[in-house]
Amino acid sequence: MSTPAANTRWHRWLWLAAGVIVADQLAKAAVLAALREGGGWAVTGFFSLVLTYNTGAAFSFLATASGWQRWLLAAIAVGAAIVIVALLRRGGSALYCAGLALILGGALGNLYDRLALGKVVDFLLFHYADWAYPAFNVADSAITTGAALLIVDSFRRPRRDPAEATKGI
C-alpha cells in the first residue's frame, strides 16, 4: 500500500518512462540511419539487427488491415497512458510503479512511431536455424519487462485472508 508521502512523488516515475522513450527513439534513429528496410546485420549466430516495420500490434496482429488500425492502436495507447498515469498517482510498491513506468514509456515510444510514421520500427531479431521470433524494439522490451514486474509484484503482495474477503457478502 502507498503512503500519502509516496503519492506526492509519483511524478518521479515519469522520468523512467521518459528514459524509455528516449532510449527507444535513439535506437530507432540509429537503425533507420544504418539499415534499409529488409536489410540486416548479423550480430551473433542467433541475433541480428534488422529494419522492419509493423503497421499492426504485437506479433503483427492487424498488420494487413487497410489503415484504420493505426488510429485504433493509437487511441488504445493514449487510453492506456491515461490509466497508467492514474495508477502511478495512486502509488504502490517500487516494483509496481517501475513496471507501470516501463509500460508507459514503451507504449508512448511506439505511439510516437505510429503517429509520425504510420508504423512502428522494429529491429531486434532473435533466430535459430529456420525459426525466428518476430522482430521487436526497445519499447516492446520495456513493455514486456514492465508486465513481468507487475506479475512479480502481484505475487509479493500480502494475500487477504479468504474469510476476511468474504465478510459482508
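Biologist: Where is Ser 48 found?
Modeller: In this predicted model, Ser 48 lies in strand β2, residues 47–54.

Biologist: Why is Ser 48 called buried?
Modeller: Its relative accessible area is 9%. Buried means under 20%, so Ser 48 qualifies.

Biologist: Which residues does Ser 48 touch?
Modeller: Leaving out residues up to four places away in sequence, Ser 48 touches Trp 41, Ala 42, Val 43, Phe 123, Leu 124, Leu 125 and His 127.

Biologist: What makes the pair Ser 48 and His 127 a polar contact?
Modeller: Their side chains are joined at 2.8 Å. The cut-off for such N or O pairs is within 3.5 Å.

Biologist: How do you know that the span of helix α5 agrees with its 19 residues?
Modeller: At 1.5 Å a residue, residues 138–156 should span 27 Å. The end C-alpha atoms are 27 Å apart, so the two agree.

Biologist: Which residues of α5 are buried?
Modeller: Ala 139, Ala 142, Gly 146 and Asp 153. Viewed down the axis of α5, the buried residues fall within an arc of 55°, so they line one face of the helix. Thr 144 and Phe 155, on the other side, are exposed.

Biologist: What covers the buried residues of α5?
Modeller: The cover includes α2 (12–34) and α4 (94–117).

Biologist: What is found at the start of α5?
Modeller: A side-chain oxygen of Asn 137 comes to within 2.9 Å of the backbone nitrogen of Ala 139.

Biologist: Which element has the lowest mean pLDDT?
Modeller: Helix α1, residues 4–7, at 52; α2 has the highest, 96. Where pLDDT is low, predicted coordinates should not be read in detail.

Note on methods. Residues numbered from 1 in each chain as written. Predicted model: local features only at pLDDT ≥ 70, side-chain atom pairs only at ≥ 80, totals over all residues. Heavy atoms only, no water. Helix = DSSP H or I, 4+ residues; strand = E, 2+ residues; numbered from the N terminus. Expected span 1.5 Å × (residues − 1). Buried < 20%, exposed > 50% of the residue type's maximum accessible area, 1.4 Å probe, protein only. Arc of directions from axis to C-beta. Contact = heavy atoms within 4.5 Å. Polar contact = N/O pair within 3.5 Å; in protein donor to acceptor, adjacent residues only side chain to side chain. pLDDT = per-residue confidence, 0-100.
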